[in-house]
Amino acid sequence: MKKQIKTTEAIFPMPVLLISTFNDDGTVDVMNAAWGTMLERDMVALNLTRTHKTVENIMERKGFVIHIADANHVTEADWFGVVSGNKEPDKFAKSGMTFEKSQLVDAPIINELPIAIECELVEYQSDETGLGVIGKVLRTSVEESVLKDDKVDIDALEAIAFDPYTHGYYKVGTRVGDAFKDGMKLK
């Protein structure tokens, strides 16, 4: 039997995406965003309001980089979520992480994170049904240590997911089936 609970942003798992941009003064801003998804193979949507420093930077610079947070950097990932770039302009420096400038967009790539998805701003949707930042993926780069046969090895990646029920982070791993194949057993 199911019991009704208080409604929250309760779709689990939610990705832990670290969105990096440059501030006006050239310093790095990173935010933790769980509300992001792919719209198409080369299009992303980030449900973010204009009040975020990161969104201001994206609107100004027209580029951003999405990183997949991993278990090795859960502390830094949480730091980027609990501290606002509007109030702590040097929060990236306090993380101890390093970066290099993307060659494709005006945004930083965080060296320590295993996946970097470089995006250019397509539009910002702000109506009541709009998603926020819509971006076109220009390039995806992955550390070789998390590749197997030139594909991301999810177990090696140790990506983390956000739990909106208890506000926890969980490591994603352990394959349990084969998409587009297992369901065919019921045919």
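Buried means under 20% relative accessible area, exposed over 50%, and partly exposed in between, with a 1.4 Å probe and protein chains only. The structure is a predicted model, in which local features need pLDDT of at least 70 and side-chain atom pairs count only at pLDDT 80 or more, while totals for chains, interfaces and linings use all residues. Residues are numbered from 1 along each chain as its sequence is written, and side-chain values use heavy atoms, with hydrogens and water left out.

**Exercise 1. Aromatic rings**

Task: Classify Phe22 as buried or exposed, and determine which geometry its ring pair with Phe99 has.

Solution.
- Step 1. The relative accessible area of Phe22 is 6%, so this residue is buried.
- Step 2. Rings of Phe, Tyr and Trp (its six-membered ring) pair if their centres lie within 6.5 Å; planes under 30 degrees apart count as stacked, over 60 as edge-to-face and the rest as tilted. The whole structure holds five aromatic pairs.
- Step 3. The ring centres of Phe22 and Phe99 are 5.8 Å apart and the planes stand at 70°, so this pair is edge-to-face.
- Step 4. Strands (E, at least two residues) and helices (H or I, at least four) are DSSP runs, numbered from the N terminus. Phe22 belongs to strand β2 (residues 17-22) and Phe99 to strand β7 (residues 99-101), so the pair ties together parts 77 residues apart in sequence.
- Step 5. Phe99, with a relative accessible area of 37%, is partly exposed. Phe99 also forms an edge-to-face pair with Phe92, at 6.1 Å centre to centre and 75° between the planes. Phe92 is buried, at 6% relative accessibility.
- Step 6. Ring pairs link Phe22, Phe80, Phe92 and Phe99 into a cluster.

**Exercise 2. Salt bridges**

Task: State how many salt bridges the whole structure has, and describe the one between Glu56 and Lys53.

Solution.
- Step 1. Side chains of opposite charge can pair when their charged atoms come close. The criterion for a salt bridge is a side-chain nitrogen of Lys or Arg within 4 Å of a carboxyl oxygen of Asp or Glu.
- Step 2. A search of the whole structure gives nine salt bridges.
- Step 3. Between Glu56 and Lys53 the N to O distance is 3.7 Å. Both residues lie in helix α1 (residues 53-61), and because they are three residues apart, about one helical turn separates them.
- Step 4. Glu56 is partly exposed at 40% relative accessibility, whereas Lys53 is buried at 17%.
- Step 5. Another salt bridge joins Lys94 to Glu88, with the closest N and O atoms 3.1 Å apart. Lys94 is exposed, with a relative accessible area of 54%, and Glu88 is partly exposed at 21%.
- Step 6. Lys101 and Asp106 form a salt bridge with a closest N and O separation of 3.7 Å. Together with Arg61, these two residues are linked in a network of salt bridges.

**Exercise 3. A sheet**

Task: Determine the order of the strands in the open sheet of three strands, and identify its edge strands.

Solution.
- Step 1. Two strands pair if DSSP finds at least two bridges between them.
- Step 2. The order is β1-β13-β14, and the pairing is antiparallel.
- Step 3. β1 and β14 (168-171) are the edge strands, since each pairs on one side only.
- Step 4. Strand β13 (residues 160-163) is joined to β14 by four bridges. Within this pairing, Ile160 has Lys171 of β14 as its bridge partner.
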